[in-house]
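Please open the model in your viewer and keep the sequence panel beside it. The stops below say what to select and what is there.

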Amino acid sequence: MTEAQQLDRRAAVTALLKDRGDLLVVAGLGSPAYDLHAAGDNDANFYLWGAMGSAALIGLGLAQAQPQRKVLALTGDGEQLMGLGGLATIAVAQPKNLVIAVIDNGHFGETGMQPSHTGRGIDLAAVAKTLGFADTRTVHDLGGLAALRAALHAPAAGPRLFVMKVAAEIPPRSLPPRDAVLLKNRFRARLGLAVN
Amino acid sequence: MNKRIEAPPGAEPISVAWPDEVYRAPKAAHVAHMAYVPDAGHARLIQRFHADRAATVNVLTTEEEGIAIAAGAWLGGQRSVLLMQSSGVGNCINMLSLATVGRFPLLMLVTMRGEWAEFNPWQVPMGTGAAAALAAVGVRSLRAETPEELVETVAAAAALAYEADQQIAVLIAQRLIGAKKW
């Protein structure tokens with residue numbers, strides 16, 4: 001393991017979402033959802049409080065249903081490791097408008113900071129590249145993150161996966177609503193879709 | 001429930017062509033999005049979706065992925081249907097919390113194994129336990145024993161899912177599909 005430079009997770013997510021425009025965002029349970037909420041609540045945010053492993057795949061369904069919009073799935077290393085098979089499903093589907101951003105602290109931060117597989121050497125960007133993602137990157141600093149933000153809004157040939165290496169810290173919690181029905185309906189309303 | 005569907009002269013009987021009939025129900029309910037883990041019983045239905053240029057189809061590595069994809073499709077304004085066999089129900093359990101807690105419309109078409117002239121004992125636990133497992137996490141099952149019943153049940157389940165925000169699994173009896181040939 002190398003002691004590479006590590007980002008502050010809140011600063012990283014805030015920088016990634018700067019001037020987000022009409023970006024649609026799904027955030028996985030735990031810290032990614034808190035980070036997204038801390039960066040600014042938005043009707044086009046869908047926060048998860050469970051269903052671990054689902055964030056990137058909700059992103060896939062959403063990207064297929066809204067091909068004209070950019071979709072960001074914001075997840076953690078623990079959640080994306082649980083959904084490794086889902087990366088193959090996304091690679092086969094080849095959505096051009098889906099970006100998965102993994103906030104990678106190398107640990108299961110919610111449950112006592114046990115080292116995760118990425119903390120033990122597994123490289124999620126390399127996995128995604130092998131599967132056929134169109135663009136995979138790993139960034140360690142805010143300079144790299146500015147390039148990531150630009151890439152997020154640029155056209156792409158297929159799905160992309162960006163890993164943001166962040167420090168293993170637990171910032172003050174910023175809790176989004178836990179009512180998934182409310183979150184679902186306000187998200188659909190933002191897209192001009194009817195509520196049943 | 002006893003209405004017979006008569007095949008036109010020269011056409012295959014409903015006992016063979018039921019996947020074509022079932023395919024019409026999601027189409028009629030404006031479902032243009034499908035995900036699946038294959039089952040031999042679903043093969044013809046999967047073919048029909050793949051052949052439909054207006055449909056988006058995802059092949060999954062495990063069934064739970066489809067619960068998440070269907071929720072994402074609904075967030076974006078599309079109706080999605082999920083195909084699997086009964087063993088796959090067990091793979092979905094925690095992921096179903098997304099559909100039930102979020103009241104996301106969910107239509108699962110589940111071909112049953114392990115319940116009728118089954119050769120493989122490993123299919124029996126989820127074959128006999130699928131409905132109970134689904135019920136335990138708040139997903140309702142509707143069973144169909146005959147092709148005629150199935151066509152009607154899928155249409156009813158689609159209405160319950162997409163109009164009434166319910167999470168519904170249509171369990172397609174193994175007796176209907178026929179025993180797997182070994």
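**Confidence**

This is a predicted model, and its scores are ipTM 0.97 and pTM 0.95. Colour chain B by pLDDT: the average is 92, and 92% of the residues score at least 70.

**Chain A as a whole**

Does the radius of gyration of chain A agree or disagree with that of a compact globule? It agrees, because a compact globule of 196 residues would have a radius near 16 Å and chain A has 15 Å.

Stay with chain A and look at its packing. Of its 196 residues, 48% are buried, a term that here requires 20 or more other C-beta atoms within 10 Å of the residue's own. Take the contacts in chain A between residues at least 6 apart in sequence: 75% of these join residues at least 24 apart.

**The sheet of chain B**

Now hide chain A and select the strands of chain B. In what order do the 6 strands of the open sheet lie? The order is S2-S1-S3-S4-S6-S5, with parallel pairing. At the edges are S2 (56-59) and S5 (140-144) of chain B, each of which pairs on one side only.

Next, select residues 79-85 and 106-111 of chain B, which are strands S3 and S4. These two strands run parallel and are joined by 5 bridges. To pick out one pair, select Leu82(B), whose bridge partner in S4(B) is Met108(B).

**Where the chains meet**

Bring chain A back. Across the interface, 27 residues of chain A are in contact with 29 residues of chain B. On the chain B side, the elements that give two or more residues are S2, helix H3 (64-75) and helix H5 (96-101). Which element gives the most to this side of chain B? Select H3(B), which gives 8 residues. Finally, colour the chain B side by residue type: 12 of its residues are nonpolar, 13 polar and 4 charged.

Technical notes:
Residues numbered from 1 in each chain as written. Chains lettered and ligands numbered in written order. Predicted model: local features only at pLDDT ≥ 70, side-chain atom pairs only at ≥ 80, totals over all residues. Rg over C-alpha atoms; globule rule 2.2 N^0.38 Å. Buried ≥ 20, exposed ≤ 12 C-beta atoms within 10 Å, placed from the backbone. Contact = placed C-beta atoms within 7 Å. Pairing = 2+ DSSP bridges. Helix = DSSP H or I, 4+ residues; strand = E, 2+ residues; numbered from the N terminus. Nonpolar A, V, L, I, M, F, W, Y, C, P; charged D, E, K, R; others polar. pLDDT = per-residue confidence, 0-100.
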